[in-house]
Amino acid sequence: MKMTLRWFGNKYDTVTLEQIRQIPGCVGVITTLYDTKPGEVWRREAIRAMKEEVEAAGLEVSGIESVNIHDDIKIGLPTRDKYIANYIETLENLGKEGIELVCYNFMPVFDWTRSDLAKKRPDGSTVLSYDQELIDKIDPTKMFEEMDSNANGFPLPGWEPERLARIKELFEMYKGVDEEKLFENLVYFLKAIMPTCQKYGVKMAIHMDDPAWSVFGLPRIINNKKNIQRMLDAVPMVNNGLTLCTGSLGSDPNNDIPDMIRSFKGRIHFGHVRNLIHLGPGKFDEAAHLSSDGSLDMYEIMKAFYDIGMEGPIRPDHGRMVWGEKAMPGYGLYDRALGATYLNGIWEAIDKTARK
């Protein structure tokens with residue numbers, strides 16, 4: 001296991017590479033070219049410059065999150081092949097620069113969704129929160145405005161303003177896309193890119209849907225054990241794998257996360273590890289990584305990763321906002337640094353126990 005932290009680049013992130021380098025046990029970053037749009041080709045020169053900047057700080061680029069998928073691919077429009085060709089060129093350029101992990105998602109219109117980006121907790125910290133009753137009261141075409149107004153002035157990952165300016169058009173375009181059609185379009189995309197992934201050793205790691213159910217009537221297909229296994233079976237190459245996100249899966253209490261980790265052994269290329277607390281059906285708050293602060297057993301989750309011989313990167317996912325920090329919601333330094341240290345401590349304890 002390699003402990004990492006997500007980093008959005010020096011133009012967008014309040015957290016610096018120098019600060020990340022000082023987190024004990026953190027060896028790399030999961031990063032991106034944040035100013036590229038879905039469908040654009042990532043130029044090799046830009047990839048190399050980003051990699052050199054990270055390495056100059058004493059860290060490695062452990063993976064990319066995300067090379068976003070153009071909506072024409074998800075919808076299955078005739079233009080999708082053009083954007084798949086661009087995606088393949090990006091994968092080639094990443095592979096040539098020695099970057100071999102790409103996290104992505106296949107969620108329509110919206111990426112991750114929350115009803116509150118700064119819900120105050122009794123201890124004074126704030127967290128991301130989801131309440132289906134509140135979501136149901138929001139006009140979906142106004143959702144970007146709701147999120148953007150609470151983002152502390154930071155651009156939110158997966159919520160590109162240029163794309164979501166067309167939100168009414170996007171909802172219209174997705175009208176004929178149900179879960180089965182979305183699944184077919186995902187398989188089409190994966191089969192098209194797999195030869196390039198195999199040639200360059202690039203592992204594609206799909207992120208779970210967040211939350212793990214339909215939002216605004218949009219289809220969700222990567223949200224439980226059965227659906228995930230179906231996707232893995234449809235494109236059985238090892239390069240087609242998962243970003244196992246405990247928070248996304250954990251939004252549905254029916255998901256047995258340690259069992260899923262063990263079941264998907266060999267196909268989990270990346271781990272997002274965070275905690276949340278269930279407050280009722282369709283309602284949860286994110287929490288500190290400490291098991292007792294939420295509803296997920298972080299020891300059992302890390303034990304499952306250990307038992308499958310996880311060698312890829314893991315990162316603490318969304319953190320609380322603590323100690324007066326002002327940062328992109330979920331992506332401050334302090335609580336994620338605490339999370340990384342806590343997860344490393346669990347891993348050390350598991351490893352030493354196993355070696356006795």
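Because the model is predicted, local features are described only where pLDDT is at least 70 and side-chain atom pairs only at pLDDT 80 or more, whereas totals for chains, interfaces and linings use all residues. Residues are numbered from 1 along each chain as its sequence is written, and side-chain values use heavy atoms, with hydrogens and water left out.

The largest nonpolar core has 93 residues, a core being a set of buried Ala, Val, Leu, Ile, Met, Phe, Trp, Tyr and Cys residues joined through side-chain atoms within 4.5 Å; here buried means under 20% relative accessible area, exposed over 50%, and partly exposed in between, with a 1.4 Å probe and protein chains only. The residues with the most contacts inside this core are Leu186, Phe189, Ile193, Met204 and Phe305, and helix α9 (residues 179-200) supplies the largest share of the core, 10 residues. Helices (H or I, at least four residues) and strands (E, at least two) are DSSP runs numbered from the N terminus. Leaving aside neighbours within four places in sequence, Leu186 is in contact (heavy atoms within 4.5 Å) with Tyr104, Phe106, Ile206, Ile221, Ile222 and Met231. A second, separate core of 5 residues includes Ile30, Leu101, Ala205 and Phe270.

Phe305 leads on to helix α13 (residues 298-307), whose buried residues are Met298, Ile301, Met302, Ala304 and Phe305. Seen down the axis of α13, these buried residues fall within an arc of 150 degrees, so they line one face of the helix; the arc is that of the directions from the helix axis to the C-beta atoms. An α-helix has 3.6 residues a turn, so residues three or four places apart point the same way. At the start of α13, a side-chain oxygen of Asp297 reaches to within 3.1 Å of the backbone nitrogen of Tyr299, while just after the helix Gly309 takes a positive phi of about 70 degrees.

Strand β12 (313-316) can be followed next. Pro313 and Arg315 point one way from β12, Ile314 and Pro316 point the other way, and all are buried. In a regular strand the side chains alternate between the two faces of the sheet. Strand β1 (residues 2-6) runs parallel to β12 and is joined to it by 2 bridges, strands being counted as paired if DSSP finds at least two bridges between them; within this pairing, Met3 has Ile314 as its bridge partner. Strand β9 (residues 268-273) also pairs with β12 in the parallel sense, over 3 bridges, and Val273 is the bridge partner of Pro316.

The loops hold the remaining features. Most residues other than glycine have a negative phi, and most peptide bonds are trans. In the loop between β12 and α14 (334-355), Trp323 has a positive phi near 60 degrees, and at 65% relative accessibility Trp323 counts as exposed. The loop between β7 (203-207) and α10 (225-234) contains Pro211, which is joined to Asp210 by a cis peptide bond with omega about 0 degrees; Phe216, in the loop between β7 and α10, has a positive phi near 55 degrees. The peptide bond from Glu65 to Ser66 is also cis, with omega near 10 degrees, and Ser66 lies in the loop between β3 (60-65) and α3 (71-75). His70 is found in the loop between β3 and α3, where, at 15% relative accessibility, His70 counts as buried; not counting residues up to four places away in sequence, His70 touches Pro38, Gly39 and Tyr83.

Methods: Polar contact = N/O pair within 3.5 Å; in protein donor to acceptor, adjacent residues only side chain to side chain.
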